[in-house]
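Subject: Structure for your review

Dear colleague,

Please find below the structure that I am handing over to you. My notes on what was found in it follow directly after.

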Amino acid sequence: MSTSPSPDSSTPAEVSAPYGTGPAASDAGPSSAAARKPVARIRTHHLRDAKLQGEHFAMLTAYDQYTAEIFDQAGIEVLLVGDSASNNVFGNETSLPVTVDELLPLCRAVARSARRALVVADLPFGSYEVSAQQAVATGVRFLKEGLAHAVKIEGGKFYAETVRAMVQAGIPVMAHIGFTPQSEHSLGGYRVQGRGDDAQRLVEDAVALADAGAFCVLMEMVPAVTAAAVDAAVDVPTIGIGAGNATTGQVLVWQDMAGLRGGRMAKFVKQYADLRTTLADAAKAYGEDVRSGQFPGPEHSF
């Protein structure tokens, strides 16, 4: 997708930050700073433009400096600091145990390392459900302390007023409907949502959340035909994970996409690498070299 507005676009071109850009902009001296071109940042309106122009964008999870840097340089438009860190970083079985205080440092690492991608942070279970005021307070922490550009919350039209309050407070919100992992117990486990007559519920959820100000609607484990109906019903872009190809964007957990996690994969996962085998082979070779005395050799010694 292109981040440059078309000549007839009503969206004004972004200008340099009028209040400075922090220490990094001046460390190298005035001449170097003057020569440095501003880095184009993906914004929410770029995602909206992608839908209007029939384009697509990619989203991956990221939880640390190096994956954020690599994915950013690879051209991934959106990075999600997901509550999936709970079971992909912290070793929990589900996303439920992870806390705000655990996610904030991960979010900072990703936001500091991504120069182009839009960084979205998940609000974890228990951090927004009590009230709109709680959601606003948590969202502020992720933008202020976590340096995120937007946040994501799970739930249907019940959370429309929560989304409205957050947006009014200046917090861009991505909505997440369909299968919502934080509600796995009430949903009866990992089950596809929006089948048959239940499809209309998801359409109504998406419309209510978009009307409340959500800049994007993510759908998880939803039949492709239902996802297409949702996408057609809202003006904002949609993102799918196990929701067919009618959405504007797609998202995967990076450890699934790159083959770092072992075990059975969900049907909607496509693996583009086998990092688990690559890392295992490297670790074995290193261990054998150490035990045999081949490492460190003279070339690795002072």
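Beyond its neighbours within four places in sequence, F142 is in contact with V100, L103, L104, C107, A121, D122, L123, P124, L147, A148 and V151. Please bear in mind that this is a predicted model.

F142 belongs to the largest nonpolar core, which has 58 residues. Together with F71, L79, I153, M166 and M219, F142 is among the residues with the most contacts inside that core. Helix α5 supplies the largest share of this core, namely six residues.

C107, one of the contacts of F142, is buried, as its relative accessible area is 0%. As for disulfides, a pair of cysteine sulfur atoms within 2.5 Å would be required, and the count comes to zero.

Helix α5 covers residues 100-113 and packs against helix α3, residues 65-73. The angle between the two helices is about 35 degrees, and their axes lie 8 Å apart. The crossing of α3 past α5 is right-handed. On the α3 side the contact involves Q65, A68, E69 and D72, which meet A109, V110 and S113 of α5. Sorted by class, this contact contains three nonpolar, two polar and two charged residues.

The start of the chain may also interest you. M1 is found in the segment before α1, the helix of residues 30-35. Is M1 buried or exposed, or does it fall in between? With a relative accessibility of 23%, M1 counts as partly exposed, because the value lies between the limits of 20% and 50%. Leaving out neighbours within four places in sequence, M1 is in contact with H46, L47, A50, E55, H56, F57, E77 and R116.

Finally, some overall figures. The protein has 12 helices and eight strands. Of its 302 residues, 44% are buried. Among the contacts between residues at least 6 apart in sequence, 59% join residues that are at least 24 apart.

With kind regards

Conventions:
Residues are numbered from 1 along each chain as its sequence is written. This is a predicted model: local features need pLDDT of at least 70, side-chain atom pairs count only at pLDDT 80 or more; totals for chains, interfaces and linings use all residues. Side-chain values use heavy atoms; hydrogens and water are left out. Axes are lines fitted to C-alpha atoms, for helices over the stretch in contact, and angles run from 0 to 180 degrees between N-to-C directions. Helices (H or I, at least four residues) and strands (E, at least two) are DSSP runs, numbered from the N terminus. A crossing is left-handed if the near helix is turned anticlockwise from the far one by less than a right angle, and right-handed if clockwise. Contact means heavy atoms within 4.5 Å. Ala, Val, Leu, Ile, Met, Phe, Trp, Tyr, Cys and Pro count as nonpolar, Asp, Glu, Lys and Arg as charged, and the others, Gly among them, as polar. Buried means under 20% relative accessible area, exposed over 50%, partly exposed in between (1.4 Å probe, protein chains only). A nonpolar core is a set of buried Ala, Val, Leu, Ile, Met, Phe, Trp, Tyr and Cys residues joined through side-chain atoms within 4.5 Å.
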